[in-house]
Amino acid sequence: MHFVFFSYLCKKNNSMIIRSKAPLRLGLAGGGTDVSPFSDLFGGAILNATINRYAHASIVPRDDNKIIVRLEDQNFVFEHDAVRELPTDGKGALQKAVYNCMVRDFGFKPCGFELSTYIDAPPGSGLGTSSTLTVAVVGAFAEWLKLPLGEYDLAHLAYNIERKDLQMAGGKQDQYAATFGGFNFMEFFADDKVIINPLRIQAKYVDELANNLVLFYTQTSHDSGEIIKQQQKNVSSKNEKSINAMHRIKIQATTMKEAILQGNLDEIGRILNEGWDYKKCMADNISTDLFEQIYQTALQAGATGGKISGAGGGGFIFFYCPENARYRVIEALKKHQCLVHPFQFTKQGLCTWTIR
């Protein structure tokens, strides 16, 4: 039945467009504790929030038995005959791996379509771009094929595609943040068990936090996979310094959650500043000389704490700037060629729709 239905979609409805978007995220506290083997051995905890920057995916069915994948933000096009399994080497691996999963696990009959993707941030930025893109593409296929997948199902499927099918190093928070959206306190356990706790935060606290957190792009990128592999090695080899730092970072997720819920927002700078030292103990190359210069410049201008977004090594960095310090910090970081990126927090996660 599935084969007949999906074939009909491809051949008869090629005038429709299926779209999806999933929000990128800021990891506020606990980052890295969602990565195995730490989360399997000790349990992980993360506080994150989604922002109004997105990964986008669009599918247009075709009737010529050609699969075309377009990475619009990288000026890359991949074309292949409709087969049961696309090669996942090179660019577009995530997009092609999602297609392979749909054929393998959901009975999708190979047929022609064009998949276009775009991300509102550069790769290696530390905002969870790869995982968010995977969620967006999974969401587009789920919308097209009318798959009965809930939020946990979608996030876990995206996680499996990245971590198991493609063997990409990383944690679990990004897939769940992109799918659920909003402020979430996340708990991670062995056997891929994940519990998402959405936070109900007063609107004035959300607005004040968005005002006081200033996000900068350093015009550098990072290879999160290599940093995460070292972090995993440190845990497996029982590196005491690294493991103790991760325990402290895990505690910070709860501490920051309580500060935000209670409106003690100026505590956030102190928590971030403390966490910065812990984070640098998790693996080598998390910080760089440039990042240390940026961090000290921001503190001197009035920031009370900051954090590299993501695994570290490059990409985005954000600072907590109480009162009106944001303007002084923005001005001060111009000498480091840091580009300020205004943002707002969002409540909604993955969103999909069809246009006929």
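At 35% relative accessibility, Glu267 counts as partly exposed (buried is under 20% relative accessible area, exposed over 50%, partly exposed in between, with a 1.4 Å probe and protein chains only). Arg270 is also partly exposed, at 39%. The side chains of Glu267 and Arg270 meet in a salt bridge of 2.9 Å, N to O; a salt bridge is a side-chain nitrogen of Lys or Arg within 4 Å of a carboxyl oxygen of Asp or Glu. Both residues lie in helix α10 (residues 267-279), 3 residues apart, about one turn of the helix. Helices (H or I, at least four residues) and strands (E, at least two) are DSSP runs, numbered from the N terminus.

## Basis of the values

This is a predicted model, in which local features need pLDDT of at least 70 and side-chain atom pairs count only at pLDDT 80 or more, while totals for chains, interfaces and linings use all residues. Residues are numbered from 1 along each chain as its sequence is written, and side-chain values use heavy atoms, leaving out hydrogens and water.

The structure holds 14 salt bridges. One of them joins Glu114 to Arg62, with the closest N and O atoms 3.7 Å apart. This pair links distant parts of the chain, 52 residues apart: Glu114 is in strand β5 (residues 113-119), and Arg62 is in the loop between β2 (44-61) and β3 (66-71). Arg62, Asp64, Arg70 and Glu114 are linked in a network of salt bridges.

## A buried residue

Val98 lies in helix α3 (residues 93-106) and is buried, with a relative accessible area of 0%.
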